[in-house]
Amino acid sequence: MKPQVKADLAMLLVTLFWGSSYLFMQMGLQDLETFNLIAIRFGIAFVLAAAIFHKRLRSTSRKTLLHASILGTLLFGVFATITNGVKSTTASQAGFLVSLTVIFVPLLSILFRHRPEKRVFVGAGLAMVGIGLMTLNTELRISQGDLLCIAGALCYAMHITVTSRFASFSDTIQLGIYQLGFTALLGFVFSCLFESPVLPHSTEGWVAVLALSILCSAIGFVVQTVAQKYTTATHTGLIFSLEPVFAALFAFLFAGEILTTRGYIGAALVLASVLIAEIDLGKWLRSKRRQTRLSA
């Protein structure tokens, strides 16, 4: 099996894990409050990842720690908004809204004077229509949970944008591991300030926390870092666009969540917008024609 195929399969597994995370967050929130859940989830993930890559952490520079603290702060913002968001929206809807990250990343690049391609603007417009169909009620209002999930997608886009800049002159595995630690630290501090930190008190709570810690955070971030060395950004983005599909599937199978007809149409438009933003159809068609001519 070719390295790229293995990498793509690994990314598909990570996407499956992340698609399940919305349901696990809802389960974990039955026992824990928002910041408490973040602290335990990322604390366990940091310990596991640090144990696996302890040799890589022996030569950590102050600059790497500074960059990791910035990324950890952004990651804390991501999960503080999303974890709060899933309290008042469905797991499937949260998955589709957070997938807007793919739209926000190229739009944010405008700040760094990198103009996105036209298809990104088309995708953004289609996404806005899809969001409206999914979230607006008869009073033309969006729920607080939906707004928080959209804010989480924007925070995640900022995290990805900043990571790409730091990764060019830092050890990516060190960055990935230490950012988990800083995220856990912020979660613990906020939990102490605004909540009463506790451990899960039910089997379901522990299952949710361990799944989020091991599968969605420790394995997810480490596998993503390693796999992206052997596959292309286009493949990665395309595979990650399946996350909301997996989120909806898990929500349907284990929580019985069903969207309205209008919601499904909106979800399809959001997914289509992600694919439009990720796939350069013109380039793909030109490549296929070139391959056809060469094989003729």
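Which residues form one aromatic cluster with Phe-35? The cluster consists of Phe-35, Phe-76, Phe-190 and Phe-194. The structure is a predicted model, in which local features require pLDDT of at least 70, side-chain atom pairs count only at pLDDT 80 or more, and totals for chains, interfaces and linings use all residues. Residues are numbered from 1 along each chain as its sequence is written, and side-chain values use heavy atoms, with hydrogens and water left out.

The protein chain contains 13 helices and zero strands, where helices (H or I, at least four residues) and strands (E, at least two) are DSSP runs numbered from the N terminus. The order along the sequence is α-α-α-α-α-α-α-α-α-α-α-α-α. Of the 296 residues, 48% count as buried; buried denotes under 20% relative accessible area, exposed over 50%, and partly exposed the range in between (1.4 Å probe, protein chains only). The accessible surface of the protein chain comes to about 15200 Å², and carbon and sulfur atoms hold 68% of this area. These areas come from the Shrake-Rupley method with a 1.4 Å probe; for residues, only the protein chains shown count as cover. Among contacts (heavy atoms within 4.5 Å) with a separation of 6 or more, 89% are between residues 24 or more positions apart.

Eight aromatic pairs were found in a search of the whole structure. Rings of Phe, Tyr and Trp (its six-membered ring) pair if their centres lie within 6.5 Å; planes under 30 degrees apart count as stacked, over 60 as edge-to-face and the rest as tilted. The pair of Phe-35 and Phe-76 is stacked, at 5.7 Å centre to centre and 25 degrees between the planes. Phe-35 belongs to helix H2 (residues 34-52) and Phe-76 to helix H3 (residues 62-85), so this pair ties together parts 41 residues apart in sequence. Both Phe-35 and Phe-76 are buried. Phe-76 also pairs with Phe-190; the ring centres are 5.0 Å apart and the planes are at 45 degrees, so this pair is tilted. With Phe-76 in helix H3 and Phe-190 in helix H8 (residues 172-194), the pair ties together parts that are 114 residues apart in sequence. Phe-76 has a relative accessible area of 8% and is therefore buried, whereas Phe-190, at 29%, is partly exposed.

The largest nonpolar core has 70 residues. Such a core is a set of buried Ala, Val, Leu, Ile, Met, Phe, Trp, Tyr and Cys residues joined through side-chain atoms within 4.5 Å. Residues with the most contacts inside this core include Tyr-22, Phe-42 and Val-86. Helix H9 (residues 203-227) provides the largest share of the core, nine residues. Beyond its neighbours within four places in sequence, Val-86 contacts Tyr-22, Met-25, Gln-26, Leu-29 and Ala-94.

Ser-21, in helix H1 (residues 3-28), is buried at 7% relative accessibility. Apart from neighbours within four places in sequence, Ser-21 is in contact with Leu-212 and Cys-216. Cys-216 is buried at 1% relative accessible area, and Cys-149 is buried at 0%. The count of disulfides (pairs of cysteine sulfur atoms within 2.5 Å) is zero.

One salt bridge was found in the whole structure, defined as a side-chain nitrogen of Lys or Arg within 4 Å of a carboxyl oxygen of Asp or Glu. The bridge joins the side chains of Asp-171 and Arg-56 (3.0 Å, N to O). Asp-171 lies in the loop between helix H7 (144-166) and H8, and Arg-56 in the loop between H2 and H3, so the pair ties together parts that are 115 residues apart in sequence. Asp-171 is partly exposed at 22% relative accessible area, and Arg-56 is partly exposed at 34%.
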